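The following exercises are meant to be worked through with the structure in view. Try each task before reading its solution.

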Amino acid sequence: MDGKTHSLNKEARELWDAKASFWDENMGDGNLFQNTLVDPATERLLEVKPGESILEVACGNGVMSRRLAALGANVVATDFSENFLERAKARDTENIKYRLVDATDESELLALGDTGSFDSAVCNMALMDMAAIEPLTRALAKLLEPNGRFVFSVPHPCFNSNATTMLAEMDDDDGELSTKYSVKISGYLDVPPGKGAGMPGEPNPHYYFHRPLHELLGACFEAGFVMDAVEEPSLGEESRDGGSPLSWRNLTNIPPVIVARMRLI
Ligand SMILES: C[S@@+](CC[C@H](N)C(=O)[O-])C[C@H]1O[C@@H](n2cnc3c(N)ncnc32)[C@H](O)[C@@H]1O
């Protein structure tokens with residue numbers, strides 16, 4: 001990692017540590033995105049079997065780890081924020097193991113186990129928070145068993161990044177006035193790291209490291225994975241609630257999230 005990436009990563013950790021309690025109180029055992037978009041697709045793609053050993057990278061308050069443990073998996077949950085790990089432990093009633101690991105540090109990751117220690121790995125809504133992802137994909141290629149799965153979810157890089165603007169416009173269809181909701185994309189191939197909020201009302205913004213699909217998936221392909229399943233879930237009509245018009249709730253035809261399954265070959 002070069003010096004600039006290293007200092008961004010250090011600042012990123014401080015920013016996450018600072019909002020762990022806010023995040024935990026608002027995420028709890030799952031918010032709308034987690035329960036509707038992230039969790040169902042992740043579980044479908046992971047195809048968890050009882051007794052499997054699963055590594056969660058960047059577990060946050062442990063919401064996914066608890067679900068996987070409840071499905072019978074042996075889970076090792078990792079994050080680089082001590083405050084997040086404390087929050088996760090405080091909510092845990094399963095037998096989850098917790099480790100403080102910076103996912104941008106390949107040697108810290110490799111210290112988690114021998115070659116082939118895990119059946120699968122999951123990383124929900126966090127790759128875009130990492131200053132570098134190649135150390136993680138390289139380490140996973142060693143930590144997972146042959147044919148092992150790596151499932152990740154991220155805000156959809158095509159539609160949901162720090163170069164996205166949400167729009168609500170008045171349309172006139174043959175005299176019938178209606179509101180049209182859309183997103184405007186002002187950048188995709190090269191969007192520099194920038195700060196933004198993960199949830200409304202957060203105490204401090206954190207860094208987003210946007211990667212176009214060829215970079216995101218390319219880091220996995222380079223490490224020896226192939227992609228063998230993908231979902232692009234969106235919020236359903238039932239999520240429209242009359243709140244802010246500028247919300248993913250009103251963009252039911254555009255996926256805010258992409259969930260991919262990588263498999264070692
Ligand atoms: C948006 S939260 C997602 C948390 C959880 N996976 C979820 O879906 O609720 C991002 C998490 O990534 C963690 N994180 C960011 N960069 C990391 C890194 N380099 N290594 C480990 N964890 C990291 C943060 O501490 C935070 O817990």
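A residue counts as buried under 20% relative accessible area, as exposed over 50%, and as partly exposed in between, with a 1.4 Å probe and protein chains only. The model is a predicted one, in which local features need pLDDT of at least 70 and side-chain atom pairs count only at pLDDT 80 or more, while totals for chains, interfaces and linings use all residues. Residues are numbered from 1 along each chain as its sequence is written, and side-chain values use heavy atoms, with hydrogens and water left out.

**Exercise 1.** Find the place of Met125 and decide whether Met125 is buried, partly exposed or exposed.

Solution. Begin with the elements, where helices (H or I, at least four residues) and strands (E, at least two) are DSSP runs numbered from the N terminus. Met125 sits in the loop between β4 (118-124) and α7 (134-143). Its relative accessible area is 23%, so Met125 is partly exposed.

**Exercise 2.** Compare the classes of Asp102 and Asp190.

Solution. First take Asp102, in the loop between β3 (97-100) and α6 (106-110); because its relative accessibility is 7%, Asp102 counts as buried. Then take Asp190, in the loop between β7 (176-185) and β8 (194-196); because its relative accessibility is 69%, Asp190 counts as exposed.

**Exercise 3.** Locate the salt bridge of Arg138 and state which helices hold the two partners.

Solution. Arg138 pairs with Glu106, and their closest N and O atoms are 2.9 Å apart. Arg138 belongs to helix α7 and Glu106 to helix α6, so parts that are 32 residues apart in sequence are tied together. Finally, Arg138 has a relative accessible area of 41% and is therefore partly exposed.

Key:
A salt bridge is a side-chain nitrogen of Lys or Arg within 4 Å of a carboxyl oxygen of Asp or Glu.
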